[in-house]
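Dear colleague,

Please find the structure below, handed over for your study. The notes that follow it set out what was found.

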Amino acid sequence: MSYGERPYWDMSNQDVIKAIEEGYRLPPPMDCPIALHQLMLDCWQKERSDRPKFGQIVNMLDKLIRNPNSLKRTGSENSRPNTALLDPSSPEFSGVVSVGDWLQAIKMERYKDNFTAFLFLGSFLFFNSCSDLARIGITAIAHQNKILNSVQAMRTQMQQMHGNVGIF
């Protein structure tokens, strides 16, 4: 998919190891379908049990092949890492005004379609458990945890910004 490009550019082996341990994963190669990159990310889960089994991978690829429209949406044109991707600290939510912005800030934009029922940013802040996310189709445990941690961080930040006025 990357036409032989060096995957971690000019990063040292130590930097790559540190970034991977902190949760960094490669962005999609240029013109890589989002659905295919999502499959890559699923296969790169840290916990072996969170990775799809071979049969599941074959089924996903079969579905993609049978639905060519799913391969038309591609990832970002930017194929170089930036320091924000490598920074494990929680994102700043002050510039976030939509669900799409939030998902992009936490590198979970692949779930934008799962959140289509939530028209404004605060409408999903009631999520409190992995089962809440599983109900809307987010089944990877690591992704559920990342989203729930972000929801909690956003709640905390909004409470600090609004002086704990009982918004949530």
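**Findings**

Lys146 is partly exposed, with a relative accessible area of 36%; here buried means under 20% relative accessible area, exposed means over 50%, and partly exposed lies in between, calculated with a 1.4 Å probe on protein chains only. This is a predicted model, in which local features need pLDDT of at least 70 and side-chain atom pairs count only at pLDDT 80 or more, while totals for chains, interfaces and linings use all residues. Residues are numbered from 1 along each chain as its sequence is written, and side-chain values use heavy atoms, with hydrogens and water left out.

**The chain as a whole**

The secondary structure of the protein chain comes to 7 helices and 0 strands. Helices (H or I, at least four residues) and strands (E, at least two) are DSSP runs, numbered from the N terminus. Of the 168 residues in the chain, 32% count as buried.

Lys146 belongs to helix 7 (residues 141–161). Leaving aside residues up to four places away in sequence, Lys146 touches Ile106, Lys107 and Met108, where contact means heavy atoms within 4.5 Å. Lys146 and Ile106 are 40 residues apart in sequence, and their C-alpha atoms are 8.0 Å apart in space.

Lys107 lies in the loop between helix 5 and helix 6. Its phi is near 60°, a positive value in a residue other than glycine. At 33% relative accessibility, Lys107 counts as partly exposed.

Phe127 is placed in the loop between helix 5 (99–105) and helix 6 (130–134). Phe127 is buried, with a relative accessible area of 3%.

Asp31 is in the loop between helix 1 (13–21) and helix 2. It is not a glycine, yet Asp31 has a positive phi of about 65°. With 47% relative accessibility, Asp31 counts as partly exposed.

The buried residues of helix 2 include Leu36, His37 and Asp42.

The axes of helix 2 (residues 34–43) and helix 3 (residues 54–66) come within 11 Å and cross at roughly 175°. Axes are lines fitted to C-alpha atoms, for helices over the stretch in contact, and angles run from 0 to 180 degrees between N-to-C directions. The crossing makes helix 2 roughly antiparallel to helix 3; angles under 35 degrees count as roughly parallel, over 145 as roughly antiparallel, 65 to 115 as roughly perpendicular and the rest as oblique. Ala35, Leu36, Leu39 and Cys43 of helix 2 make the contact with Ile57, Met60, Leu61 and Leu64 of helix 3. These contact residues divide into 8 nonpolar, no polar and no charged. Ala, Val, Leu, Ile, Met, Phe, Trp, Tyr, Cys and Pro count as nonpolar, Asp, Glu, Lys and Arg as charged, and the others, Gly among them, as polar.
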